[in-house]
Amino acid sequence: MSGFVFSEKPIEIADGDGAYVTDSNGTEYLDMGASYACVPLGHGHEAVQEAVSDQLSKITYVQASYPVEVRTKLYKLLAETAPKTVDKVWLCNSGTEANEAALKFARSATGNSKIIATKRGFHGRTMGALATTWKDKYKQPYEPLMGDVEFVPYGDTEAMAEAVDDETAAVIIEPVQGEGGINPARKEYLQRVRVETATSGAALIFDEVQTGMGRTGTLWASEWADVVPDMITSAKGLGNGVPIGATLCRDWIADNYGSHASTFSGGPVISAAAHATVSTIVDEEIPTHAAEIGEYMMGEIEAAVEEHELPVRDVRGNGLMVGVETKRGANRVLRELALEHQVLALPAGRTVVRLLPPLTINKEHVDTVVGALTEALS
Ligand SMILES: *Cc1c(COP(=O)(O)O)cnc(C)c1O
């Protein structure tokens with residue numbers, strides 16, 4: 001018997017430390033994907049490990065209806081660090097569940113059913129979130145999915161203005177599309193989406209499952225976008241590898257959320273991991289570091305592309321969420337990066353090499369990656 005795997009890699013990972021993982025033969029790899037942004041503080045981060053083992057030694061699980069100190073502390077920390085007026089938190093265990101909750105809450109709070117999502121967007125793979133995900137390949141085998149979802153082109157202000165009306169429950173949108181190819185939105189576009197949704201009474205859901213936790217240079221992308229959404233969903237980096245999701249809600253949503261629950265919501269162990277992760281990111285000003293290193297990385301990649309005339313169409317991103325669109329298949333480049341240069345990265349579609357490293361990397365790590373990329377692309 002074997003487990004379900006998406007596409008098995010030829011490297012068995014045995015250990016991790018900071019920006020590096022080690023395979024079972026003892027070879028070290030620079031981890032520039034952080035397994036889809038799930039390890040913003042790097043592997044084996046002490047504060048997170050300590051928080052988890054401390055909590056394990058006290059109590060592993062107690063149902064969510066009993067308050068637990070560490071969960072209460074997490075609620076408070078998330079509310080304090082989120083854009084103002086986002087003040088209630090629903091906890092779950094993954095990104096798709098965080099979005100699933102957001103979609104339910106939007107329908108319940110508005111009394112409407114229509115959801116507007118964006119072309120090339122990705123919001124998860126459970127039936128509701130999947131219905132708001134763009135790629136047909138992910139949806140088609142499972143249809144019919146949740147109905148009343150309309151897709152508009154990402155970044156098209158007029159299309160969004162036309163689609164949002166007084167029958168809209170929510171707009172769900174990534175501030176930077178991840179899976180869809182690392183497509184950053186313009187701040188003005190996101191602000192216009194806020195205006196349109198506020199005017200029509202629809203909820204604005206920022207899916208920050210990938211962009212959150214400092215990834216794009218601020219703790220939440222909503223900060224640089226200067227937008228206060230009605231809900232922000234988070235997961236991937238939130239527990240530095242321990243699976244947790246969150247839906248941050250404004251009062252008008254939380255007060256009318258309907259009836260939603262999950263057995264493992266906000267367990268003490270995952271709450272401890274997330275509390276340690278978020279407080280470290282905030283206290284050590286990791287988002288500022290991510291902004292600086294991200295800018296350095298994009299600059300160095302662009303310089304290498306020019307100097308070596310590399311087959312690259314575009315380098316784009318925000319902070320340490322960076323996409324390099326190649327004129328060749330991304331998978332070939334990724335394979336060479338891993339096997340020849342011991343650098344792990346990710347694809348985003350067929351042509352984009354996606355870099356989502358731990359936010360704690362330094363310039364030397366960047367120089368190593370740019371060197372490896374240059375050779376892999378040459
Ligand atoms: C990964 C991702 C999800 C889904 O998260 P899971 O934890 O895999 O369910 C949703 N939205 C975005 C933007 C993501 O990157």
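K76 and E80 form a salt bridge in which the closest N and O atoms are 3.4 Å apart, a salt bridge being a side-chain nitrogen of Lys or Arg within 4 Å of a carboxyl oxygen of Asp or Glu. Because K76 and E80 are 4 residues apart in helix α3 (residues 69–81), about one helical turn separates them. Helices (H or I, at least four residues) and strands (E, at least two) are DSSP runs, numbered from the N terminus. In total, the structure holds 14 salt bridges.

The model is predicted, so that local features need pLDDT of at least 70 and side-chain atom pairs count only at pLDDT 80 or more, whereas totals for chains, interfaces and linings use all residues. Residues are numbered from 1 along each chain as its sequence is written, and side-chain values use heavy atoms, with hydrogens and water left out.

Polar contacts are pairs of N or O atoms within 3.5 Å. A ligand oxygen atom lies 2.8 Å from a backbone N or O atom of G95, and a polar backbone atom of T96 is 2.8 Å from an oxygen atom of the ligand. For K236, an N or O atom in the side chain is 2.6 Å from an oxygen atom of the ligand. The ligand taken alone exposes 380 Å², of which the protein buries 81%; accessible areas come from the Shrake-Rupley method with a 1.4 Å probe.

On the surface, R125, K135, K137 and R350 gather in a patch of positive charge. Patches are made of residues with over 30% relative accessible area and no salt bridge, like charges being joined within 9 Å. The place of a charge is taken as NZ of Lys or CZ of Arg. R125 lies in the loop between β5 (114–118) and α5 (127–131).

E143 and P144 are joined by a cis peptide bond with omega of about 5°. D148, a residue other than glycine, has a positive phi near 65°. Most peptide bonds are trans, and most residues other than glycine have a negative phi.

Terms used
Patch = residues over 30% accessible without salt bridge, like charges linked within 9 Å, V, L, I, M, F, W, Y side chains within 5 Å. Lys, Arg positive; Asp, Glu negative; His and termini not counted. Polar contact = N/O pair within 3.5 Å; in protein donor to acceptor, adjacent residues only side chain to side chain.
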